[in-house]
Amino acid sequence: MATHFDVLGGFLPRDLFMNFSNKPVLVFWETTRACRLSCLHCRASAITESLPGELSTEEGYKLINAVRLFGKPYPTIIFTGGDPLMRKDLFELLRYASKSGVSFAISPAVTALLTKDALARLREARIASLSVSLDGSSPEVHDAIRGQPGTFERTIETISNALRIGTKVQVNTAIMKRNFRDLPDILHLIRGLGVDTWELFFLVKVGRGKCLEDLSPEENESVCNFLYEASHYDLTVRCVEAPFIRRVVKQRKESERYWNNLAAGYQTLHSRLVELEGYPRPGSVSTLATTGTLDGDGIIFVGYDGTISPGGLIPINLGNVRKDDIVDLYQNSKTLKDIRERKFNGRCGICEFKEICGGSRARAFSLSGDPLSSDPACILTETAAS
Ligand code: SF4
């Protein structure tokens, strides 16, 4: 029996349309670690002042030039932090990137620095999109996670102001034990505001996030199934550090039996979604794909001091943009090649879904010190261990 959430869709092997061996699609640049917020899950353990050793403006220009050497279409640079607005030269760097023909997006912190004027200047600088974090549908949930009372209201205001001047807004939500039941309400809120892209970050225990409780594999499975359904409401849904959602999408498309056997946690999320949003319109198609990136496979990260890593949550030092060629490192690093060639150990190594999924390399590394080990957040890994 077909359901409201089912879509007809085939599956193409990853190699047929996605190969990131030569260049990433995204280069994340941690422009600074300075930030006025102190979010519970901050990867960078951001602090209020810049750290010594931050790349200078000139070095930033050089980095932008180096990214161009990957060739056209250039990877998109994501200016991240800390809070990029804490850099005095941010708009010079954005202007330089714009003149260089590189597309770029920015993920500033929502603080008093993100004024209407700053939003207008970012729009003028031609950012492709503005990422704003929202971890709860109420001040109680969001402000507790972000560590600053008043951040929730400021965030809603910022999203509305940015959308009003025509800036594309992506809402980012970090998922953890304390907020995952709130996901349907967050979706309802952002859809009401007019946001069309929602990116969900599954917790990896690095930085300040080490003290937070992440979800069990069963809860992750429930959340992935909920997100599959959420992706049928004209909302682009993307996930970070949860590539196993691509397996879930494939399984949902292929077998009704799979989703009929889901845990109670899923039923609660599903019911609340339908209560708030009704069923998706007939014929709607999921915006989630069965292919995508992994750390080091389509993604590369440059730290505040130029250190190059496979991703922002996997602190493996591959080299430094001050002395190394980022193109050569991306293409030829053994670690990155092993990730791209899916030379994994354990359950991920023998998994029938490893080509489309591959597990979170950051989570595998944070728990075992081996970037090629299995991702313990996936329910298949748990089944294998029992
Ligand atoms: S076992 Fe590993 S590769 Fe397979 S679906 Fe789970 S995380 Fe992905």
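A handy idea before we start: when one helix passes another, the crossing is called right-handed if the near helix is turned clockwise from the far one by less than a right angle, and left-handed if anticlockwise. Keep in mind as well that this is a predicted model.

Select helix α7, residues 183-193, and helix α11, residues 264-277. How do they cross? α7 passes α11 in a right-handed crossing. Their axes come within 8 Å and cross at roughly 25°. Angles under 35 degrees count as roughly parallel, so that is how α7 and α11 lie to each other.

Together, β5, α7 and β6 make a right-handed β-α-β unit. Strand β5 covers residues 169-175 and strand β6 residues 197-202; the two run parallel and are joined by six bridges.

Next, which strand is joined to β6 by five bridges? That is β7, residues 236-240, which runs parallel to β6. Click on E199 and look across to its bridge partner in β7, R238.

Last stop: the ligand. Select the 15 residues around it; the nearest are C348, C351, C357, G359 and C378. Helices can be picked out here too: α9 (244-254), α14 (346-350) and α16 (379-385) are the elements that each give two or more residues to this shell. Color the shell by type and you get seven nonpolar, four polar and four charged residues.

Technical notes
Residues are numbered from 1 along each chain as its sequence is written. This is a predicted model: local features need pLDDT of at least 70, side-chain atom pairs count only at pLDDT 80 or more; totals for chains, interfaces and linings use all residues. Two strands pair if DSSP finds at least two bridges between them. Helices (H or I, at least four residues) and strands (E, at least two) are DSSP runs, numbered from the N terminus. A crossover is right-handed if, with the strands pointing away from the viewer, the path from the first strand over the helix to the second runs clockwise. A residue is near a molecule or strand if its C-beta atom, placed from the backbone, lies within 6 Å of it. Ala, Val, Leu, Ile, Met, Phe, Trp, Tyr, Cys and Pro count as nonpolar, Asp, Glu, Lys and Arg as charged, and the others, Gly among them, as polar. Axes are lines fitted to C-alpha atoms, for helices over the stretch in contact, and angles run from 0 to 180 degrees between N-to-C directions. Angles under 35 degrees count as roughly parallel, over 145 as roughly antiparallel, 65 to 115 as roughly perpendicular and the rest as oblique.
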